[in-house]
Amino acid sequence: MAKQEITCDDILRELKAGQYRPIYYLMGEEPYYIDLISDYITDNVLNETEKEFNLTVVYGADVDVATIINAAKRYPMMSEHQVVVVKEAQNIRNIDELSYYLQKPLLSTILVICHKHGVLDKRKKLAAEIEKSGILFESRKVKELHPKYSPFDCDRLHKGEPIGVEAVLQKAFNNTFKFNMEMSTCDLSLCQHVTKAVMRKIEKYFKEHPDDEIKFETSQLPVPPNVTAIHLNIDDAQRDHISSLLNIELPNLTYPKVKEILSDNGLTEVLCGAENTLLFLYGYSWEQNENFDMIYSKYDFKRK
């Protein structure tokens with residue numbers, strides 16, 4: 001019998017029950033579910049005090065496997081667990097060497113590897129070692145189902161006919177529609193069509209509540225941006241100089257370009273808790289360049 005593939009809901013259900021694995025290797029063409037799982041772990045495993053000493057977030061372009069293993073082998077401080085998150089892990093060379101650590105992983109460490117726009121070769125030793133003690137999850141691309149709503153336009157989703165994407169109804173009316181929709185892992189750009197059965201419920205609801213139909217037909221649903229935080233230790237002069245360089249790149253700023261600007265000015269991202277300034281980058285997941293880098297349309301500095 002073929003092994004049943006683990007789903008995003010399976011993983012979240014375990015996490016919400018406080019059942020943690022030593023490693024979560026999250027990979028695939030659909031970044032939404034990778035971010036959903038990694039963000040849940042980052043936000044919920046540790047409390048705010050524990051995060052100061054026990055949360056480490058690194059990027060694949062900046063680290064090697066040895067650095068990741070050294071971080072994973074640290075013991076938590078005043079906490080039951082430490083969390084180590086590796087973003088953009090597809091940029092790490094010789095990732096297979098991680099298998100040596102996984103032969104005897106530290107159970108107090110929760111290692112989260114985010115490998116986007118690609119997958120690990122499941123025939124290799126690393127995949128086998130991950131599945132022995134942790135989670136190997138493939139986030140598959142959700143197929144387009146030709147929704148009846150117009151595409152994203154200037155960060156707002158325009159609604160027309162009362163058919164299309166379930167998430168639009170859920171987001172537009174919150175609990176007004178009682179259609180038992182499962183929206184906890186659904187993104188506006190990823191949801192499937194409303195079924196015929198739900199379609200009939202929608203039509204019936206609109207017939208009984210014409211004011212809501214008018215509201216639905218004419219309103220716009222704001223789509224919140226994705227936010228990337230970069231931890232820095234800089235003074236006011238450095239902040240102003242970096243700001244002037246970022247302004248040149250807008251509105252086509254990307255994370256690699258930000259890293260390049262920082263590096264050219266002798267700056268690097270510091271560990272969480274060691275910063276005095278946070279640089280927030282704002283963009284939308286569907287806005288990407290030819291290298292699949294998210295394009296950020298604005299930024300903001302926040303002093304701690």
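Predicted model: local features only at pLDDT ≥ 70, side-chain atom pairs only at ≥ 80, totals over all residues.
Colleague: What is a salt bridge, and how many salt bridges does a search of the whole structure find?

Modeller: A salt bridge is a side-chain nitrogen of Lys or Arg within 4 Å of a carboxyl oxygen of Asp or Glu, and the search of the whole structure finds 17 of them. In one of these, the side chains of arginine 13 and aspartate 10 meet with N and O 3.1 Å apart. Both residues lie in helix 1 (residues 8-16), three residues apart, which is about one turn of the helix; helices (H or I, at least four residues) and strands (E, at least two) are DSSP runs, numbered from the N terminus.

Colleague: Which parts of the chain does the pair of lysine 259 and aspartate 62 link?

Modeller: Lysine 259 forms a salt bridge with aspartate 62, and their closest N and O atoms are 2.8 Å apart. This pair links distant parts of the chain, 197 residues apart, with lysine 259 in helix 11 (residues 255-264) and aspartate 62 in the loop between strand 2 (55-59) and helix 4 (65-72).

Colleague: Is lysine 259 buried or exposed?

Modeller: Lysine 259 has a relative accessible area of 18% and is therefore buried, whereas aspartate 62, at 45%, is partly exposed; buried means under 20% relative accessible area, exposed over 50%, and partly exposed in between (1.4 Å probe, protein chains only).

Colleague: How are two packed helices described?

Modeller: They are described by the angle between their axes and the distance between the axes. Here the axes of helix 10 (residues 236-249) and helix 11 come within 11 Å and cross at roughly 145°, where axes are lines fitted to C-alpha atoms, for helices over the stretch in contact, and angles run from 0 to 180 degrees between N-to-C directions.

Colleague: Which residues of helix 10 and helix 11 meet?

Modeller: Ile242, Leu245, Leu246 and Glu249 in helix 10 meet Lys257, Val258, Ile261 and Leu262 in helix 11, contact being heavy atoms within 4.5 Å.

Terms used:
Residues numbered from 1 in each chain as written. Heavy atoms only, no water.
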